[in-house]
Amino acid sequence: MTEADWRAQRDEAVPKEVERLLATVPEWFGRPKSNAEYIDDARRMETWTVRDERGRVVGVTLVTNHFPQTSEIHFTVVDRSFHGGGVGTAMIEAIIEDVRARGARLLEVKTLGPSKDDPNYARTRHFYEKMGFLPLEETDLWGADTPCLIMVKPLV
């Protein structure tokens, strides 16, 4: 499928798919405890997926709606073999459209901050910047060794 063909949709909970996708990208998701939490989150959080032409999940994003005017991308994972092909973009664009239609004015995402040198998360930050997210603050929310960068996208 080409980048233009990918379609994201709100979907049922897919924790087994999240577990499978996490295993394809251990350089981003290599902490068993964190992965178990993401899999658990996938049982109860708003879920968005992109599926291939056979219906197999190739990307998942979990969304939290904190307040009527603010939402958060809690977690995103895309199967390694589909990186760079538009799957992540399709999910984020669909979520932006949906939360904006529900009245959200700000969309947030947290990722590893730039003070921790990691080329994979540099790619993650670049992706979100390309999607219009702005770096807001780097904090020690996840501990001193795991700086958390809060990024926001105004939706108005």
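**Exercise 1.** Find which exposed residues lie on the face of H4 turned away from its buried side, where exposed means over 50% relative accessible area and buried under 20%, with a 1.4 Å probe and protein chains only.

*Solution.* The face in question carries Pro 119, His 126 and Lys 130. The model is predicted, so that local features need pLDDT of at least 70 and side-chain atom pairs pLDDT 80 or more, while totals for chains, interfaces and linings use all residues. Residues are numbered from 1 along each chain as its sequence is written, and side-chain values use heavy atoms, without hydrogens and water.

**Exercise 2.** Work out which residues of H4 are buried, and what covers them.

*Solution.* First, list the buried residues of H4, which are Asn 120, Tyr 121, Thr 124, Arg 125, Phe 127 and Tyr 128. Next, consider their directions: because these residues cover an arc of only 155° around the axis, they sit on the same side of H4, the arc being that of the directions from the helix axis to the C-beta atoms. Finally, the cover includes strand E4 (70-78), helix H3 (87-101), strand E5 (106-112) and strand E7 (148-154); helices (H or I, at least four residues) and strands (E, at least two) are DSSP runs numbered from the N terminus.

**Exercise 3.** Describe what is found at the start of H4 and what follows the helix.

*Solution.* At the start, a side-chain oxygen of Asp 118 comes to within 2.8 Å of the backbone nitrogen of Asn 120. After H4 comes Gly 132, whose phi is positive, near 100°.

Terms used: Contact means heavy atoms within 4.5 Å. A polar contact is a pair of N or O atoms within 3.5 Å; within protein, one must be able to donate a hydrogen and the other to accept it, and residues adjacent in sequence count only if both atoms are side-chain atoms.
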